[in-house]
Amino acid sequence: MRAGRVAGATGAMPTRRQHLKIAILDDYHDVAQRYADWTSLGGDAEVQIFNNFIPDEQVEPTLEPFDVIVAMRERTPFPAERIRALPKLRLLVTTGMRNNAIDMAACSAQGIVVCGAPGSVDANTATAELAWAHILGLFKHLPAEDAAMRRGMWQTAMPEPLAGKRLGVLGLGKLGAAVAKVGLAFGMDVVAWSPNLTDERAEAAGVKRVDKHELFATSDVVSLHLILSDRSRHVVDAAALAAMKPTAYLVNTSRAGLVDQDALMDALVKFRIAGAGLDVYPEEPLSPTDTVRDLDNVILTPHLGYVSRENFEAFYQNALEAVKAFQAGKPIRVLNA
């Protein structure tokens, strides 16, 4: 029997076991069934896994029958109008403990419980590693040299050393500090800026705090590690990009919304900066016809920063735990309480 509507996100839950129709979204790697035992939900649950991205116009009709949705991070957004189009939805589980693509107020208004499913403790390390893969790839011209080698060519670009170059870290939280630490190990001059960064915090990380303009104007590579918010949206604007050296690189493994995308494309197309390493995009998956794919001075990866076996195992196992807790009438890690 289908569960009745809860009285708000933290209202009274039914005590008897519910039959739940569950959708697991955006399992691109087809690992949800391997990383968590969904059969342990028993006959009271019907689980359907979606390995492919559901196009925006098909999301509501596809998901309308489901009581529970397990979302992979922000791959499928849930704004208020989408929430209202899913009247049967009772539980929305997001991998991770923060999801800006879910309208929490709309969920609460409709009596939908939103629960988080944390990842592994190594998730930050994985993103920092990817940022460094981009930085090294740009400085050593790895994509160009790999393509040239496959065409029978030899030494077509001049690698650049990292030692002595300036690394600008935008945001010195856990991720930014991890990236800065590697830069120091490479012998780079590391500087940092964020709206609330203090000299003391920067010094504790072994780097120097500078103002935003100096960071962009003097860095040989800028790596972004801020949380996207109304305050930080387009923090990398046309003025910031214009201040960069024509030999400098921009690396974004954080969120596309931190960057004015039109200004970035203009800077890349006109070689006002040397290039960029991008793992995040305004719309994901990136369209096969997006013009950024045509640029030779850009390294592109498909939002891999948080993708690892350890992280996804934790995501799916914690998501399953959240579904079981809801099914038992005792939801855990509620984000819209």
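Over residues 24-332 the chain is 34% helix and 15% strand, with the end C-alpha atoms 18 Å apart. The structure is a predicted model. An unreviewed UniProt entry annotates residues 24-332 as "domain: D-isomer specific 2-hydroxyacid dehydrogenase catalytic".

**Domain layout**

**Extent of the interface**

- The size of an interface is often expressed as the accessible area lost when the parts come together.
- Between domain 1 and domain 2 the buried area is about 520 Å².
- Carbon and sulfur atoms contribute 39% of that buried area.
- In terms of residues, 8 from domain 1 are in contact with 7 from domain 2.

**Polar and charged interactions**

- The rule finds 1 salt bridge across the interface of domain 1 and domain 2.
- R255 and E74 form a salt bridge, in which the closest N and O atoms lie 3.2 Å apart.
- Counting residues at pLDDT 80 or more, 2 residue pairs are in polar contact between domain 1 and domain 2.
- The side of domain 1 that touches domain 2 comprises 5 charged, 2 nonpolar and 1 polar residues.

How values were computed. Residues numbered from 1 in each chain as written. Predicted model: local features only at pLDDT ≥ 70, side-chain atom pairs only at ≥ 80, totals over all residues. Heavy atoms only, no water. UniProt positions renumbered as here; feature names shortened; annotations may be inferred. Helix = DSSP H or I, 4+ residues; strand = E, 2+ residues; numbered from the N terminus. Contact = heavy atoms within 4.5 Å. Buried area = accessible area lost by both parts, 1.4 Å probe. Salt bridge = Lys/Arg side-chain N within 4 Å of Asp/Glu carboxyl O. Polar contact = N/O pair within 3.5 Å; in protein donor to acceptor, adjacent residues only side chain to side chain. Nonpolar A, V, L, I, M, F, W, Y, C, P; charged D, E, K, R; others polar.
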